[in-house]
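User: Hi! I am new to protein structures and would like to learn how the labels are assigned. Could we go through this one together?

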Amino acid sequence: MLKSLTWITVFLWMILIFYFSQQPVHISNGLSTTITEQLIETVQTIVPLEEVHVDTVNHIVRKNAHFIIYFFLGIFILGALRKNGINRIRSIWLALFVCIIYAASDEFHQLFVPGRGAQVKDVLIDCAGAVFGIGTATIISSIRKRKKVPSKPLV
């Protein structure tokens, strides 16, 4: 059951990415602008800022969204592969490969969405997110394994 659940999580996350990618530019930009404005408002309650350009911050928010969504995709794919018995090194490379292919296909898909286009830099940002997600999950897994191994007495 857990094996199936890990793959269901992967496919639901991919559907979420597809959903965001199929939105026409005015809808996608409207959503990110709303998030950006709320973020600016929250930050200004803590640290008052003089001049904030919503468009500049919105661009940063949009690119970070690429990174974050693929960060989690990398983690989810790696986890699904590991739960299905794929060894550590192979699962890392396979998870990265799937993320790269999905990122490239996602950008290609955007060529057919009104007002959107494919950008190589978005694929690179997506891949960076996946690498960091896979790397983070691998490091955490290694730390957990080390803590589970009982230390041998010195005597």
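User: Why does Phe-72 count as partly exposed?

Analyst: Good place to begin! Keep in mind that this is a predicted model. Phe-72 has a relative accessibility of 33%. Buried would need a value under 20%, and exposed a value over 50%. Since 33% falls in between, Phe-72 is called partly exposed. Phe-72 sits in helix H3, which covers residues 54–83.

User: What makes Trp-13 and Phe-76 an edge-to-face pair?

Analyst: Two checks are needed here. Ring centres must lie within 6.5 Å to pair, and planes over 60 degrees apart count as edge-to-face. The centres of Trp-13 and Phe-76 are 5.3 Å apart and their planes stand at 85 degrees, so the pair passes both checks and is edge-to-face. Trp-13 belongs to helix H1 and Phe-76 to helix H3, so this pair ties together parts that are 63 residues apart in sequence.

User: Which aromatic pair does Phe-71 form with Phe-72, stacked or edge-to-face?

Analyst: Phe-71 and Phe-72 are edge-to-face, with 5.3 Å from centre to centre and 80 degrees between the planes. Ring pairs join Trp-13, Phe-71, Phe-72 and Phe-76 into a cluster. By this rule, the count of aromatic pairs comes to eight.

User: What makes Ser-28 buried?

Analyst: Ser-28 has a relative accessibility of 9%, which is under the 20% cut-off, so Ser-28 counts as buried. Ser-28 lies in helix H2. Leaving out residues up to four places away in sequence, Ser-28 touches Gln-23, Arg-62 and Arg-116.

User: How many residues line the second largest pocket, and what elements do they come from?

Analyst: The second largest pocket is lined by 20 residues, and those nearest its centre are Gly-79, Arg-82, Lys-83, Ala-137 and Ser-141. The elements that give two or more residues to this lining are H1, H3, H4 (88–109) and H5 (120–148). This pocket holds about 510 Å³ of space. Its lining divides into eight nonpolar, six polar and six charged residues.

User: Why is Glu-107 called buried?

Analyst: Glu-107 has a relative accessibility of 2%, which is under the 20% limit, so Glu-107 counts as buried. Its place is in helix H4. Setting aside neighbours within four places in sequence, Glu-107 is in contact with His-66, Gly-117, Ala-118, Gln-119, Asp-122, Val-123 and Asp-126. Glu-107 and Val-123 are 16 residues apart in sequence, and their C-alpha atoms are 7.1 Å apart in space.

User: Which residues of H5 are buried, and what covers them?

Analyst: The buried residues of H5 are Asp-122, Val-123, Asp-126, Cys-127, Gly-129, Ala-130, Gly-133, Ile-134, Thr-138 and Ser-142. What covers them includes H3 and H4. As background, an α-helix has 3.6 residues a turn, so residues three or four places apart point the same way.

User: How do you know that the reach of H3 is close to the expected one?

Analyst: Compare two spans. H3 has 30 residues and reaches 43 Å from its first C-alpha to its last, close to the 44 Å expected at 1.5 Å a residue. H5, with 29 residues, reaches 42 Å, close to its expected 42 Å. Just after H3, Gly-85 takes a positive phi of about 85 degrees.

Note on methods: Residues are numbered from 1 along each chain as its sequence is written. This is a predicted model: local features need pLDDT of at least 70, side-chain atom pairs count only at pLDDT 80 or more; totals for chains, interfaces and linings use all residues. Side-chain values use heavy atoms; hydrogens and water are left out. Helices (H or I, at least four residues) and strands (E, at least two) are DSSP runs, numbered from the N terminus. Buried means under 20% relative accessible area, exposed over 50%, partly exposed in between (1.4 Å probe, protein chains only). On a 1 Å grid over the protein atoms alone, a cavity is a set of points where a 1.4 Å probe fits but cannot get out, and a pocket is an open set with protein on both sides within 12 Å along at least five of seven lines; lining residues have an atom within 4 Å of a point. Grid points are joined across faces, edges and corners, and a volume is the space filled by probe spheres set on the points. Ala, Val, Leu, Ile, Met, Phe, Trp, Tyr, Cys and Pro count as nonpolar, Asp, Glu, Lys and Arg as charged, and the others, Gly among them, as polar. Rings of Phe, Tyr and Trp (its six-membered ring) pair if their centres lie within 6.5 Å; planes under 30 degrees apart count as stacked, over 60 as edge-to-face and the rest as tilted. Contact means heavy atoms within 4.5 Å. The expected span of a helix is 1.5 Å times one less than its number of residues.
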